[in-house]
Structure formats: structure tokens, C-alpha cells
Amino acid sequence: MGPHFKKTVTLDVGGRRLELRVAQDLFSSHEVDVGTRLLLRTLAGPEHGARRLVLDLGCGYGPLGLALRAAAADRVVHLVDRDALAVAYSRENAAANRLDGVEAYASLGYADVRAAGFDLVVSNIPAKAGPPVIERLLLGGAGLLAPGGLVAVVVIAPLRASVTAVLEGAPGVEVVFRRATASYAVFHYRFRGPGSAAGPAGPGPGGGRRRHQAPRVRVARVGRGRRGSTPPRRRPSPARVGVVSRRLASRGAREATAAQRGSQPRL
Ligand SMILES: C[S@@+](CC[C@H](N)C(=O)[O-])C[C@H]1O[C@@H](n2cnc3c(N)ncnc32)[C@H](O)[C@@H]1O
């Protein structure tokens with residue numbers, strides 16, 4: 001990996017040891033992040049073993065996606081990141097660990113994800129991305145999930161309250177698992193409603209872009225001591241859940257990343 005290479009870190013998963021090459025510039029280059037390991041532990045149960053098609057959103061050098069690939073023989077994993085160096089390292093690490101069924105490529109949010117019908121979307125959410133982007137990373141995958149598909153994310157502790165507010169304030173989102181430590185919080189959630197598993201609605205070739213509607217619940221800005229404002233919540237009617245779920249699905253990733261457009265993949 002030329003001048004970017006820093007060191008090799010290890011990650012034990014499913015009785016084998018992955019050796020992952022890391023670059024100085026990539027997230028958690030000293031060792032696999034504690035939050036990443038925590039998220040993996042929450043997905044280690046047999047109930048997740050059958051989740052075959054997996055998306056690792058913001059893959060870095062690949063610890064989440066590659067560990068999940070190594071844990072299940074017939075799994076197919078897409079690893080995406082906005083950073084071309086991360087994509088290159090994920091690809092290299094898949095090959096170095098002889099993991100097939102791995103697709104690593106650049107995507108800004110969900111915008112360029114090349115498949116749909118994911119059984120699982122995982123992400124160690126980039127805290128520095130800022131509230132609008134974080135909200136889109138949290139909610140923008142609705143249209144890419146298979147029926148029964150799960151999103152599993154880890155965030156740093158300062159974002160726990162605002163991420164909770166986003167998930168609980170989004171009609172159609174059902175949080176099915178939470179775990180918090182002093183430093184991290186993990187959420188597993190699903191999208192309910194008719195549009196929540198609508199397949200490749202968003203990122204397909206024909207997906208148009210719409211101006212993003214201002215979210216009503218915002219993620220806290222890290223490091224500025226600002227809490228997201230949480231407007232009074234009203235329980236949505238079932239009809240509204242359906243409408244918003246369909247909107248989420250059809251908006252999809254391409255349409256949901258307007259605020260991210262300022263940052264381009266480092267290609
Ligand atoms: C917290 S790191 C996690 C990296 C890796 N998954 C891990 O667990 O070590 C977040 C990653 O998300 C990527 N990222 C940030 N914003 C993104 C965006 N809008 N779309 C795609 N990737 C993004 C960053 O480049 C970074 O690699």
C-alpha cells in the first residue's frame with residue numbers, strides 16, 4: 001500500500017485471526033476501534049447468522065465488514081466509504097485474508113451503493129460528519145433493506161442522546177436492541193411499514209435527487225456542547241407511518257444526501 005501503510009492490526013473472529021493493514025490517515029489506525037468491536041459482539045449471536053447480504057457503510061480499512069464476512073461462509077459483504085484510501089485498504093485486506101464475496105467501492109453515504117435487499121447494514125457512524133449527514137446515514141438505508149433487514153450502528157457516547165432522538169422521532173423506525181457503555185452506544189433497528197423494504201428504490205440508476213427536507217430532530221454537534229432540539233413528539237397514525245416509510249424508501253440514498261454533497265470522495 002505504498003507510502004500510506006502504517007502497520008498491521010489483528011481482529012479475532014469466528015475462530016480465526018484477521019490481519020488488517022492500516023494506513024496512518026484512516027480511522028483507528030493504532031488498533032481496531034473499541035466501538036467497532038462492541039458492535040461486532042452485538043451481532044455475534046446465532047439470530048444474525050442468516051443475514052447473508054451485508055452493507056458496511058463507512059468501512060474504513062474494513063474491520064466490520066470483513067469480520068462479518070469471515071463469520072459466515074456464504075455471506076456477501078459490500079464495503080463502502082467516501083474515502084478512496086479506505087476503499088483500497090478494505091479491498092486489499094479482503095484479498096490478504098482470502099475473503100471472497102467482498103465488494104469494496106466508493107460511495108458517499110448510500111448514494112452509490114450497488115445492491116439492494118440488504119439483510120444487515122452496519123456502521124460505526126462517523127461522529128465528525130455533522131448532524132445532517134449523521135441523520136442521513138442513520139435513516140437513508142430504509143429503501144435498501146430486505147424485508148426483516150436490520151441496521152446496526154455504533155456511535156460515541158456524546159451522540160447517544162441525539163441518535164436516540166433521531167431514531168425515536170422517525171416514524172417507522174423500531175429500535176430492537178440497545179447497548180451502552182461509558183464510551184459507546186449501539187443501536188439495532190428496523191424500518192416498519194410498506195415502504196421500508198421496497199428494494200432498490202433510491203440508489204438505482206433512475207433515482208432522482210430531491211432537495212432534502214429539514215429534519216425535525218437533529219443530531220447533536222460533537223464537541224460544541226450543543227444538544228439536538230427534540231420537538232414534542234406525536235405518535236404518528238398508521239397511515240402516516242406508511243406514507244413516511246414510503247417517502248424514506250423512495251427518497252433512498254441518492255436523494256437523501258444533499259447535505260453531504262460538499263465533500264467528495266478522495267479518489
Ligand atoms: C468511525 S469511522 C469507521 C471505520 C470502520 N468502519 C471501523 O469501524 O474502523 C467512519 C468512516 O466513515 C467514513 N465516512 C464518513 N462520512 C462518510 C460518508 N458520508 N459516506 C461514506 N463514508 C463516510 C469515513 O471515511 C470513515 O472511514
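# Legends to the close-up views

**View 1. Ala152 faces His188, a residue of strand S9.** The model shown here is a predicted one. Strands S7 and S9 are antiparallel to one another and are joined by six bridges. Strand S7 comprises residues 145–156, and strand S9 comprises residues 184–191. Of the eight residues of S9, seven are buried, so the strand is largely enclosed by the rest of the structure.

**View 2. Seven strands make up an open sheet with mixed pairing.** The order across the sheet is S5-S4-S3-S6-S7-S9-S8. Its edges are formed by strand S5 (102–106) and strand S8 (173–180), each of which pairs on one side only. On average, and with direction ignored, neighbouring strands of this sheet are turned by 15 degrees against each other. Helix H3, residues 84–96, packs on the sheet and touches both strand S4 (76–81) and S5. The direction of H3 makes about 165 degrees with that of S5. In general, the strands of a sheet pair through backbone hydrogen bonds, in either a parallel or an antiparallel manner.

**View 3. Strand S6 is paired with S3 and with S7.** Strand S3 (residues 53–57) and S6 run parallel and share three bridges. In this pairing, Asp56 has Val122 of S6 as its bridge partner. S6 and S7 are also paired in the parallel sense, here over six bridges. Phe118 stands opposite Leu145, a residue of S7. Because six of the seven residues of S6 are buried, this strand is largely enclosed by the rest of the structure.

**View 4. Strands S8 and S9 form a hairpin.** Three residues lie between the two strands, which pair in the antiparallel sense over seven bridges. Within S9, Tyr189 stands opposite Val175, and Arg190 is the bridge partner of Glu174. Helix H5, formed by residues 160–169, lies across S7, S8 and S9. The helix H5 runs at about 5 degrees to S9.

**View 5. Helix H1, residues 34–42, has four residues named as buried: Gly35, Thr36, Leu39 and Leu40.** When H1 is seen down its axis, these buried residues fall within an arc of 140 degrees, so they line one face of the helix. Their cover includes helix H2 (63–71) together with strand S6 (118–124), strand S7 and strand S9.

**View 6. The ligand is surrounded by 21 residues.** The closest of them are Thr36, Gly58, Gly60, Asn124 and Pro126. By class, the shell around the ligand consists of nine nonpolar, eight polar and four charged residues. Thr36 is also one of the buried residues of helix H1.

**View 7. Helix H4, residues 131–139, is mostly covered.** Eight of the nine residues of H4 are buried. They are Pro131, Val133, Ile134, Glu135, Arg136, Leu137, Leu138 and Leu139.

**View 8. Gln24 lies in the loop that connects strand S2 (16–23) and H1.** Gln24 counts as exposed because it has 12 C-beta neighbours inside 10 Å, and a residue is taken as exposed if that number is 12 or fewer. Apart from neighbours within four places in sequence, Gln24 is in contact with His4, Lys6 and Ser29. Phe5 is 19 residues away from Gln24 in sequence, while their C-alpha atoms are 6.6 Å apart in space.

**View 9. The whole protein chain, shown for orientation, contains six helices and nine strands.** The protein chain has 267 residues, of which 48% count as buried. Among contacts in the chain with a separation of 6 or more, 75% are between residues 24 or more positions apart.

Terms used: Residues numbered from 1 in each chain as written. Predicted model: local features only at pLDDT ≥ 70, side-chain atom pairs only at ≥ 80, totals over all residues. Near = placed C-beta within 6 Å. Nonpolar A, V, L, I, M, F, W, Y, C, P; charged D, E, K, R; others polar. Buried ≥ 20, exposed ≤ 12 C-beta atoms within 10 Å, placed from the backbone. Arc of directions from axis to C-beta. Contact = placed C-beta atoms within 7 Å. Pairing = 2+ DSSP bridges. Axes fitted to C-alpha atoms, helices over the stretch in contact; angles between N-to-C directions.
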